[in-house]
Amino acid sequence: MGESREAALAALLNSSLWEKVPGDMLKGCISMYRATGEEHYKTAVLLQLYSILLTKWGLHSTHAWSACWGEYGNALLFALDETGDERFQTAAEAIFDLLRPWGDPGDPSVMPFVGKFETGSVSVFLTAYDTRFGKKQIYKGIARRFDAVHRMFFLTDQGLYRIPKLTQPGEGAFSDDGTMLCALIDTLESMDMQIYEHWRSLADQFLTAARGLTRYLDQRGVLRSMVEAPDDKASARVLYALHKGVRLKLLDEEKYLPIVVGTYAAWKEELCERTLRMDIEGACMMANGEMKMGEEKRI
Amino acid sequence: MKCVFLSSRSCTVLLDAEGDYYAKAPRRLFLNERELPEENRSVFSLFGLWPDRSYTLKAVLGDGTAEEITFRTEKECCTLNVNRFGAKGDGETDDTSQLQAAILACPPGGRVLIPAGNYKTGPLFLKSHITLEFKPGASLKLKTDRAKFPILPGMTRTIDEEGEYLLGSWEGNPLDAFASALTGIGVEDVKIIGPGVVDGCAQDGDWWVNPKIKRGAYRPRLFYLKDCKDITVQGLTFRNSPAWNLHPTFSENLSFLNVRVEAPSNSPNTDGFDPESCKHIRMFGAEFSVGDDCIAIKAGKIYMGMKYHVPCEDIEIAWCCMLDGHGGVTVGSEMAGGVKNVRVHHCFMRGNDRGLRIKTRRGRGKYAVIDDILFDHVRMEGVKAPLVVNAMYYCDPDGKTDYVQSREKQPVDDTTPTIGSIRFEHVNAAGCEACVGYILGLPERPVKEILLKDCVFSFNPDGSPMTPAMASGVETCQRRGLIARFVDRITLDHVSMEGIAGEALDFLDCGQIENR
């Protein structure tokens with residue numbers, strides 16, 4: 001990646017982008033670090049977290065329900081693993097306590113609609129934290145949240161899963177920009193399978209969504225929207241989720257890996273042809289799928 | 001006296017139906033007029049017989065009274081000796097392929113013979129319509145390198161992604177598990193006989209090290225069946241299993257005769273016999289000394305219970321001996337498919353923490369019904385608490401949450417289990433230590449019925465206290481009587497409790513009480 005990438009990261013760190021949507025960048029950097037092992041990604045995350053811990057940590061923020069808290073929580077767990085610094089666990093615990101009510105199942109029919117973005121990052125963090133340090137009481141609520149949101153996106157009568165640009169006109173307002181699919185697979189990865197009924201509920205939802213996506217394949221066997229709009233975040237997220245589903249053995253490798261590989265290849269081809277800049281988040285997430293994108297060089 | 005099992009090379013005989021593991025009196029035995037060693041057990045097996053031959057067995061008591069039966073062994077088409085397949089049995093050479101080849105090559109009605117020797121092996125898979133015989137001195141020594149073990153995937157989707165195919169299992173869930181020493185998948189009509197040994201050698205490897213951590217897959221058992229029928233295991237000794245010992249699942253018409261199961265008392269999760277969602281099982285003349293429950297009757301956790309709801313039912317356990325172990329006969333805690341019609345009779349238990357142990361919890365599901373459990377003519381010595389029923393068992397990662405442990409009435413829903421009728425008749429328990437019994441039901445769904453009839457309980461004055469039920473807030477007990485919480489009906493009919501300290505009966509939130 002070289003200097004250009006480092007310069008870009010430094011620019012991001014110094015930009016106001018961090019304050020607006022810091023969570024996205026944290027996740028992206030973690031993904032890139034796990035895929036490439038390059039230390040500057042980890043450094044970027046740790047710098048951000050230490051600066052917050054030491055200066056402006058505000059747990060009573062009005063953004064209590066913001067998706068960023070979920071991303072921060074996930075980043076804190078990553079930092080704890082990398083450094084062993086217990087302050088990160090203390091901070092993660094504080095976020096867990098803050099967000100815990102979100103995981104209270106309640107009555108699904110009267111659950112307030114929580115944006116898909118919040119559902120995504122918060123569910124991943126709550127599950128990961130409760131698996132490591134808690135009693136896994138949160139699983140039931142997480143499963144019910146996903147079930148409620150999933151039913152909004154899945155057109156059961158057509159067997160289709162709503163994704164932007166794939167959805168035909170008139171199919172409804174709600175669609176998943178890939179966030180829910182990613183959150184589902186990331187949550188599954190963090191869950192203890194021994195609480196099987198909840199793990200299985202999410203696994204079945206993921207499979208249902210994946211099957212629904214296969215209805216959008218073109219004659220080459222690729223997901224057409226990813227080729228039509230290669231800089232679309234949704235496309236990157238979908239590819240990430242499907243690939244991870246194969247790696248976690250939740251999706252049949254014979255059936256789904258060719259879709260992932262073929263779509264990725266066609267996507268890259270489009271990118272090169274259009275000389276479009278890869279969306280950073282997409283690049284990060286793709287890298288986490290171990291696909292070692294050459295697009296890293298663009299950053 | 002009667003013959004309860006015949007193969008081409010062996011038989012099992014019920015000598016004294018009124019004894020427990022041991023007959024009331026020893027007998028001299030004569031087989032076709034040739035004298036055999038004296039026998040003092042109620043159920044015993046004879047090996048070394050010839051196929052398709054008639055035998056007369058005579059048993060003579062000390063006073064000269066004699067009984068006689070005649071039987072004819074089954075036919076056999078041929079014998080395949082594993083040594084001819086290249087198995088060495090020297091304890092060093094890996095004999096897995098050779099043993100497996102012999103099994104797979106055996107024709108229907110044939111016999112695979114394992115002569116004396118130590119056969120180092122990985123997991124072996126059974127085949128239908130064969131007899132696998134262990135000669136005296138024959139021992140399977142399971143390898144300890146988990147990298148050499150095939151994994152049975154827990155769940156595999158069907159091609160249309162609508163259904164699933166289940167293979168591996170761990171604690172009631174379809175999870176990836178290493179194949180067991182002897183594994184049967186969809187096989188029928190198999191006899192595994194002989195005074196041989198299946199040795200898991202777990203003490204030589206790392207199966208018992210950090211046992212709760214899944215490394216690759218969950219730990220193998222020594223004997224695992226899935227979707228099998230008409231299977232008999234006779235005379236074998238199972239020892240040092242990495243996890244549970246005998247674990248048949250979704251199978252029927254199973255017989256376990258004169259088997260012996262051993263594991264060190266501090267070994268993790270080495271249950272002796274765990275039938276799970278099976279039916280028509282008989283276990284006669286078995287002997288257990290293990291590091292967990294001797295027998296634990298199961299029916300899966302909530303996913304399996306709600307989807308398949310296959311109960312474990314029609315189980316007869318008789319003339320058996322359960323030594324040490326957490327429970328003599330346990331039901332649960334994984335019982336989401338239900339457990340019904342279990343008769344435990346003429347057994348002897350010594351040194352167990354609990355005699356009959358029922359364990360369940362909220363979250364097992366609406367099909368998790370335990371009913372019609374009978375202990376009849378059971379003799380106990382030094383069993384700390386003869387009867388424990390616990391509907392708040394704190395198992396699984398969420399076992400200590402308020403959801404499981406709350407003493408407040410919770411809503412009755414699809415996750416609420418049920419405990420029906422539990423009966424103790426003609427039970428004689430000497431040397432108890434903690435209490436006669438501890439019954440903890442659910443406030444929202446109490447235990448339906450507890451019946452104790454013609455029972456005698458006496459206490460060891462020097463016994464140690466123990467917490468009888470593994471649930472939050474259960475007090476340690478020492479020389480207590482019958483303690484019950486949340487039970488609809490309790491009947492005591494000619495029950496004697498000797499050596500109790502304090503009140504004999506301690507009931508709270510219970511319904512109808514009858515004491516005659």
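1. In this predicted model, chain B and chain A together bury about 1,700 Å², and carbon and sulfur atoms account for 50% of that area.

2. The contact involves 20 residues of chain B and 16 residues of chain A.

3. Between chain B and chain A there are 5 salt bridges. One of the residues named above, B:E161, pairs in this way with A:K255, with 3.0 Å between the closest N and O atoms. Polar contacts across the interface of chain B and chain A number 9 residue pairs, both residues being at pLDDT 80 or more.

4. Two elements of chain B, β16 (155-157) and α2 (302-308), each contribute at least two residues to the side that touches chain A. The largest share, 3 residues, is that of α2(B). Sorted by class, this side of chain B comprises 10 charged, 8 nonpolar and 2 polar residues.

5. Turning to the cysteines, a search of the whole structure returns 0 disulfides over all chains. B:C77 takes part in no disulfide: the nearest cysteine sulfur belongs to B:C78 and lies 3.8 Å away, whereas a disulfide requires sulfur atoms within 2.5 Å.

6. Are the cysteines A:C182 and B:C77 buried or partly exposed? A:C182 is buried, its relative accessible area being 3%. B:C77 is partly exposed, at 47% relative accessibility.

Key
Residues are numbered from 1 along each chain as its sequence is written. Chains are lettered from A and ligands numbered from 1 in the order in which they are written. This is a predicted model: local features need pLDDT of at least 70, side-chain atom pairs count only at pLDDT 80 or more; totals for chains, interfaces and linings use all residues. Side-chain values use heavy atoms; hydrogens and water are left out. Buried means under 20% relative accessible area, exposed over 50%, partly exposed in between (1.4 Å probe, protein chains only). Contact means heavy atoms within 4.5 Å. Buried area is the accessible area (1.4 Å probe) that two parts lose on being put together, summed over both. A salt bridge is a side-chain nitrogen of Lys or Arg within 4 Å of a carboxyl oxygen of Asp or Glu. A polar contact is a pair of N or O atoms within 3.5 Å; within protein, one must be able to donate a hydrogen and the other to accept it, and residues adjacent in sequence count only if both atoms are side-chain atoms. Helices (H or I, at least four residues) and strands (E, at least two) are DSSP runs, numbered from the N terminus. Ala, Val, Leu, Ile, Met, Phe, Trp, Tyr, Cys and Pro count as nonpolar, Asp, Glu, Lys and Arg as charged, and the others, Gly among them, as polar.
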